[in-house]
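Please look over the sequence and the model shown here before reading on.

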Amino acid sequence: MCGIVGYLGKKQAAPVLLDGLRKLEYRGYDSAGLAIMTPEGEIDIAKAKGRLKVLEELTRGGKSLSGVCGIGHTRWATHGEPSENNAHPHCNDEKTIAAVHNGIIENYAELKEKLTRKGYNFYSQTDTEVATKLVDYYYKKYGDPIRAISEFALRVRGSYALAVINKDYPDSIFAIRKDSPMIVGVAGGDAFLASDVPAILKYTKSVYYVDNMQIARLEKGGVTFYNLDGEEVSKEIVEISWDAEAAEKGGYEHFMLKEIHEQPKVVKDTLNYIYRNGGLDFSEVGLSDGDFKKINGIVVVGCGSAYHAGVVMQYVTEDLARVPVRVELASEFRYRNPVLTDELVIAISQSGETADTLAAVRAAREKGLKTLAIVNVVGSSIAREADYVFYTKAGPEISVATTKAYSAQLIACYAFAIKLAKLHGQIDGDYYAKLLKELLSLPEKIEYLLSRKELIQKFAAKTMDRNDVFFIGRGTDYAVCIEGSLKLKEISYVHSEAYAAGELKHGTISLIEDGTLVLGILTQKNLVEKTLSNLIETASRGALIAAIAAESVKLSENSLDFVFRIPDSDEHFIASLAVIPLQFFAYYLSVLRGNDVDKPRNLAKSVTVE
């Protein structure tokens, strides 16, 4: 969840590391630090609590640290409070080895006790200091940095991405990972290490994805990979299609606002991935028509917004294809020992590194089930381990609150449902063509909604003092509600809940009081009257009521305090339109309240630990 950057080359390392860490701020952190190998062969460490700018001021933008090899880190506290002492990098007693680490070492207390008996002292509360001194112990025992890291890996439990510099090897960075992302980049004699692509995209698009339990040794001009036996292994380099500008704000005040506006392009690009010659072609995903015909049941797993996309997928797929679908929170699926037969397990994750979702994929494969990943990052862990991969074309998403990646996931889900329905004989050629036409019209309709954002901005200004917001809807409208509610609480810190409208009377209505904002989603024509009735019922108890409604839905607008109209679309796909004003509502409310939109408190972009 925190960020790692490493650099070895011809430039001064500290400014490069600080630049990379700035690109990883979206991952969430509470302290930061650098370890630089000086020209004299010493390790110079600088650490600071708080935002990266504190570390930048401390090091004068990196100028006070001299050396062409180093590692950097932004920490989100797990073991030990946020403090300079607990910040990474950590070092051994002699300050000859320094390391940074993402993840959680589950047996750190046991290892710390053993190392204490060996004479080690500890200055922090972190599991990372234990990891550093464990590597130090084995390096002193064997005199081989690769062997030391291998021995470390054999003795720790948990997840980690670990990067190490060693005074005896001033021109090298050593690294290993398990269940926590790590990439290595190369360009013109320089070598880079990072926990995510944006950190090094400015310098190179040529990267290696480090595999689980694989050791990397970065040297000037290249990188060598080893297995735990110390044997060299070969890897293929991957060229990243994103450009550096895609990871910049591009004139927008916040990344979230930029990414909301990128949704027409993202939806179009994701559609173009599988739309060819007037039909849907999943050959690049790895699924043949025969594979689709064998699907008799589906389990969708995901976390947060990815789970919400799965809820939409359940409604759409069951209605169109008549194939049973159940949606599971990945964090529950992995532990509850589910009964599985021959279902296809679909894992949805923006980063492709979400710890619980990755564990769910592994659990499914252990039971002999086929898995399909819907992910945004090429070469990510979930993509590498799934049987089939649908790559959404969202590009780098920097803001913690997802917008464009969620919209791309919806397109993948729609396309899968349509293809399944066609090959299971549930829709004919005419309806198939009609559905595809509706899909292709979505980018233009989203563009239209973007042009009307000022209406939502004004509504947010009028309601910014509300302390409680409830979202209600039925069918796919309910699926949109849970995403809208999450967006609001993520970045505005306003308490909000989402309910299937029919559940309102089963207890929840007792929470409605004067001033409560209740927002209904009204796009499913056969359900509008019922949801509207629920909405108006809250008004009689003092609620301010508002609605996001399809253009053709008939409403007595005088009975509502605010109505925002969205273009009509096929009701299977209208979630892609209804979510846009909810994204804007959350964004503008956050701005009005003076919050850090892109880096909300306590949150990280990619949840790579439990």
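Alanine 549 touches Leu522, Leu555, Val563, Phe564, Arg565 and Ile566, where residues up to four places away in sequence are not counted and where contact means heavy atoms within 4.5 Å. This is a predicted model, in which local features need pLDDT of at least 70 and side-chain atom pairs count only at pLDDT 80 or more, while totals for chains, interfaces and linings use all residues. Residues are numbered from 1 along each chain as its sequence is written, and side-chain values use heavy atoms, with hydrogens and water left out.

**Alanine 549 and its sheet**

Alanine 549 lies in strand S26 (residues 544-550); helices (H or I, at least four residues) and strands (E, at least two) are DSSP runs, numbered from the N terminus. Its relative accessibility is 0%, and therefore alanine 549 counts as buried, a word that stands for under 20% relative accessible area, with exposed meaning over 50% and partly exposed in between (1.4 Å probe, protein chains only). Strand S26 belongs to an open sheet of 5 strands with parallel pairing, in the order S24-S23-S25-S26-S27, and two strands pair if DSSP finds at least two bridges between them. Strand S24 (495-500) and strand S27 (562-566) stand at the edges with a single partner strand each, so one side of each has no neighbour in the sheet. From one strand to the next, the twist averages 15°. Within this sheet, alanine 549 stands opposite arginine 565 in S27.

**Strand S20 and the cores**

What share of strand S20 (residues 344-349) is buried? The answer is 6 of its 6 residues, so S20 is largely enclosed by the rest of the structure. In a regular strand the side chains alternate between the two faces of the sheet. In S20, Leu344, Ile346 and Ile348 point one way, whereas Val345, Ala347 and Ser349 point the other way, and all are buried.

| Strand pair | Bridges |
|---|---|
| S26 and S27 | 5 bridges |
| S18 (residues 298-302) and S20 | 4 bridges |
| S20 and S21 (residues 371-375) | 5 bridges |

Valine 299 stands opposite valine 345 in S20, and isoleucine 348 has isoleucine 374 in S21 as its bridge partner.

The largest nonpolar core has 129 residues, of which Phe282, Ile346, Tyr414, Phe416 and Ile418 touch the most other members; such a core is a set of buried Ala, Val, Leu, Ile, Met, Phe, Trp, Tyr and Cys residues joined through side-chain atoms within 4.5 Å. A second, separate core of 29 residues includes Leu17, Leu34, Tyr209 and Val377. Leaving aside neighbours within four places in sequence, isoleucine 346 is in contact with residues including Ile298, Met313, Leu372 and Phe416.

**Two packed helices**

Helix H9 (residues 305-321) and helix H16 (residues 476-492) pack with their axes 9 Å apart and at an angle of about 175°, where axes are lines fitted to C-alpha atoms, for helices over the stretch in contact, and angles run from 0 to 180 degrees between N-to-C directions. That angle makes H9 roughly antiparallel to H16, because angles over 145 degrees count as roughly antiparallel, under 35 as roughly parallel, 65 to 115 as roughly perpendicular and the rest as oblique. Among the residues that meet are Val312 and Tyr315 in H9 and Ile482 and Leu486 in H16.
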